[in-house]
Amino acid sequence: MARAELDKQPTDVRRMFDAVAKRYDVTNDVLSLGQDRRWRRDVIDAVDPSYGDKVLDLAAGTGTSSQPFADRGAMVVPCDFSLGMLQVGKKARPALPFTAGDGTKLPFADDTFDAVTISFGLRNIVDPEQGLREMRRVTRPGGRLVVCEFSHPTWAPFRTVYMEYLMKALPAISRTVSSSPDAYVYLAESIRAWPDQRGLADLIATAGWTAPQWRNLSGGVVALHRATA
């Protein structure tokens, strides 16, 4: 799948993530220059789970983003539509209850979770608004949403440099560390095509969430959006 088309096919995206699963965490660490670790800490702080909270970690991949919730005493459910990711994750973190699920049709009852989070996965859902509606459906009234996603750098000169990195350096670097480097061409294009901070906040509100707000991380390379059910 070479292009980040608006009508991206779930089967193609799933196959892509299956292919990168084995070295996904290592590749992300290299491509983000280690910043992905700090971004995950920011997500945990934003959710601020209490002991026993039920947390859905959607697009959890291998569970790297889920384990910190379990370490804080939350009842976290890592959910992903890539079986390859889930298999790698289950082998590395057997105690976590990995669950296969499509973001547009989540396999959970209404009002199940105290919090729902998704990191770097919303743009890969075939219908992001429907995905956000599903997250709202499975979150209890008053529960919280935290979306960590690539966004638009706020300083124009840096934004130009960043886009050059995405489209040229990122695919080149991925060829040395990834198990499926062609997938990172798609990922770079999907980041470039994604809405800016205000655009995503508006999408979250349209999907039924209350009072969406965001905080820029790394100069707007990533934005942390929060809202309430």
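The expected span of a helix is 1.5 Å times one less than its number of residues. In this predicted model, helix 3 covers residues 35–47, and its 13 residues should therefore span 18 Å. The end C-alpha atoms of helix 3 lie 19 Å apart, which agrees with that expectation.

**Helix 3 and its end**
- Buried residues of helix 3 are Asp36, Trp39, Asp42, Val43, Ile44, Ala46 and Val47.

**Nonpolar surface patch**
- A nonpolar patch on the surface is formed by Trp155, Phe158 and Val161, which together have about 330 Å² of accessible area.
- Of these residues, Phe158 belongs to helix 7, residues 156–177.
- Phe158 has 31% relative accessibility and therefore counts as partly exposed, since that class lies between the 20% and 50% cut-offs.

**Strands 6 and 7**
- Strand 6 (residues 210–217) and strand 7 (residues 222–228) run antiparallel and are joined by six bridges.
- Arg215 is placed opposite Leu224 of strand 7.
- Four residues lie between the strands of this hairpin, in which Ser218 takes a positive phi near 50°.

**Cysteines**
- A disulfide requires a pair of cysteine sulfur atoms within 2.5 Å, and by this rule the count is zero.
- Cys79 has a relative accessible area of 0% and is therefore buried.
- Cys148 also counts as buried, because its relative accessibility is 1%.

Note on methods. Residues are numbered from 1 along each chain as its sequence is written. This is a predicted model: local features need pLDDT of at least 70, side-chain atom pairs count only at pLDDT 80 or more; totals for chains, interfaces and linings use all residues. Side-chain values use heavy atoms; hydrogens and water are left out. Helices (H or I, at least four residues) and strands (E, at least two) are DSSP runs, numbered from the N terminus. Buried means under 20% relative accessible area, exposed over 50%, partly exposed in between (1.4 Å probe, protein chains only). Patches are made of residues with over 30% relative accessible area and no salt bridge: like charges are joined within 9 Å, nonpolar side chains (Val, Leu, Ile, Met, Phe, Trp, Tyr) within 5 Å. Accessible areas come from the Shrake-Rupley method with a 1.4 Å probe; for residues, only the protein chains shown count as cover. A salt bridge is a side-chain nitrogen of Lys or Arg within 4 Å of a carboxyl oxygen of Asp or Glu. Two strands pair if DSSP finds at least two bridges between them.
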